[in-house]
Amino acid sequence: MIIINKANIFNEDMIKDVELVEYFNYKEDLILVERDTFSAFKMLQANLKIKGINIDIESGYRSLEKQESIFLDYYKKEKDYLNKVAMPGFSEHHLGTSIDLAVFDKGKWISNKEELLKLIEPFKIIHKEMINYGFILRYPKGKEEETGYVYMPWHLRYVGIDISLKIRDSILENI
Ligand SMILES: [Zn+2]
């Protein structure tokens, strides 16, 4: 499994065999996601729907250029931008196996980070369920020093159920 963090930079070789699928999300944005990640997401989405929670993908695969424009946006607007967004080349969104969620709450889709942070109960359920479909939380609460990033409940990393089930306990401790 490939890990990208502040010490491991992305290179295009990492995704030379990765198949990205195209998907149009709730606002008809074209989203690209790695094939297995997308299948797992669809199952997680269906399962959560039964529990009354609607999720969609706000952001999936990102090119270096896309990450650069997102990074520059944070750089211009946010004080602690280095803890909130990865520099181009240092994001797992480059792998196609990370997704940022949008959550439907009180009649509208929420994708704004501050508003998402307020959805404490829905995320508790989402995080418990995601483990069964191979997702982990990449930037958990209380692990800011370790990851170098603030808590991001919306950012899920697909690692497959072999890994997610193995580390279920430590995931549950930090949600
Ligand atoms: Zn993300």
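Predicted model: local features only at pLDDT ≥ 70, side-chain atom pairs only at ≥ 80, totals over all residues.

Biologist: Okay, and is Lys106 buried or exposed?
Modeller: Lys106 is exposed, because there are 6 other C-beta atoms within 10 Å, and a residue with 12 or fewer counts that way.

Biologist: What about the phi of Lys106?
Modeller: Lys106 is not a glycine, yet its phi is positive, at about 45°.

Biologist: Interesting. What's going on with phi at Glu28?
Modeller: Glu28 has a positive phi too, about 65°, and again the residue is not a glycine. You'll find Glu28 in the loop between S1 (20–24) and S2. Glu28 counts as exposed because it has 6 C-beta neighbours inside 10 Å.

Biologist: Let's switch to helices. How do the axes of H1 and H4 cross?
Modeller: Helix H1 covers residues 35–50 and helix H4 covers residues 120–130; their axes come within 10 Å and cross at roughly 135°. The two helices are therefore oblique to each other. For an angle on that side, roughly antiparallel would need a value over 145 degrees.

Biologist: And what's the handedness where H1 passes H4?
Modeller: That crossing is right-handed.

Biologist: Which residues make the contact?
Modeller: On the H1 side, Leu44, Asn47 and Leu48; on the H4 side, Ile126, Glu129 and Met130. Sorted by class, the contact of H1 with H4 has four nonpolar residues, one polar and one charged.

Biologist: Now the core. Which residues in the largest nonpolar core touch the most other members?
Modeller: That core has 27 residues, and the ones touching the most other members are Val33, Phe41, Leu44, Leu101, Met130 and Phe135. The elements giving two or more residues to this core are S2 (30–34), H1, S3 (54–59), S4 (98–105), H4, S6 (135–137) and S7 (155–158).

Biologist: Which element gives the largest share of this core?
Modeller: H1 does, with five residues.

Biologist: Let's go to Ile136. Where is Ile136 found?
Modeller: Ile136 is in strand S6. With 19 C-beta neighbours inside 10 Å, Ile136 counts as partly exposed, because buried needs 20 or more.

Biologist: What does Ile136 touch?
Modeller: Setting aside residues up to four places away in sequence, Ile136 touches Arg157, Val159, Ser164, Ile167 and Ile171.

Biologist: How many residues lie between Ile136 and Arg35 in sequence terms, and what's the spacing?
Modeller: They are 101 residues apart in sequence and 17 Å apart in space, C-alpha to C-alpha.

Biologist: Two more spots, then. What about Asp162?
Modeller: Asp162 is in helix H6, residues 161–166. Asp162 counts as exposed because it has 9 C-beta neighbours inside 10 Å. From C-alpha to C-alpha, Asp162 and Tyr133 are 9.8 Å apart, with a sequence separation of 29 residues.

Biologist: And where is Tyr75 found?
Modeller: Tyr75 is in helix H2, residues 64–77. With 12 C-beta neighbours inside 10 Å, Tyr75 counts as exposed, because the cut-off is 12 or fewer. Between Tyr75 and Glu145 there are 70 residues of separation in sequence and 21 Å in space, C-alpha to C-alpha.

Key: Residues numbered from 1 in each chain as written. Axes fitted to C-alpha atoms, helices over the stretch in contact; angles between N-to-C directions. Helix = DSSP H or I, 4+ residues; strand = E, 2+ residues; numbered from the N terminus. Parallel < 35°, antiparallel > 145°, perpendicular 65-115°, else oblique. Left-handed = near helix turned anticlockwise from the far one by under 90°. Contact = placed C-beta atoms within 7 Å. Nonpolar A, V, L, I, M, F, W, Y, C, P; charged D, E, K, R; others polar. Core = buried A, V, L, I, M, F, W, Y, C linked by C-beta atoms within 7 Å.
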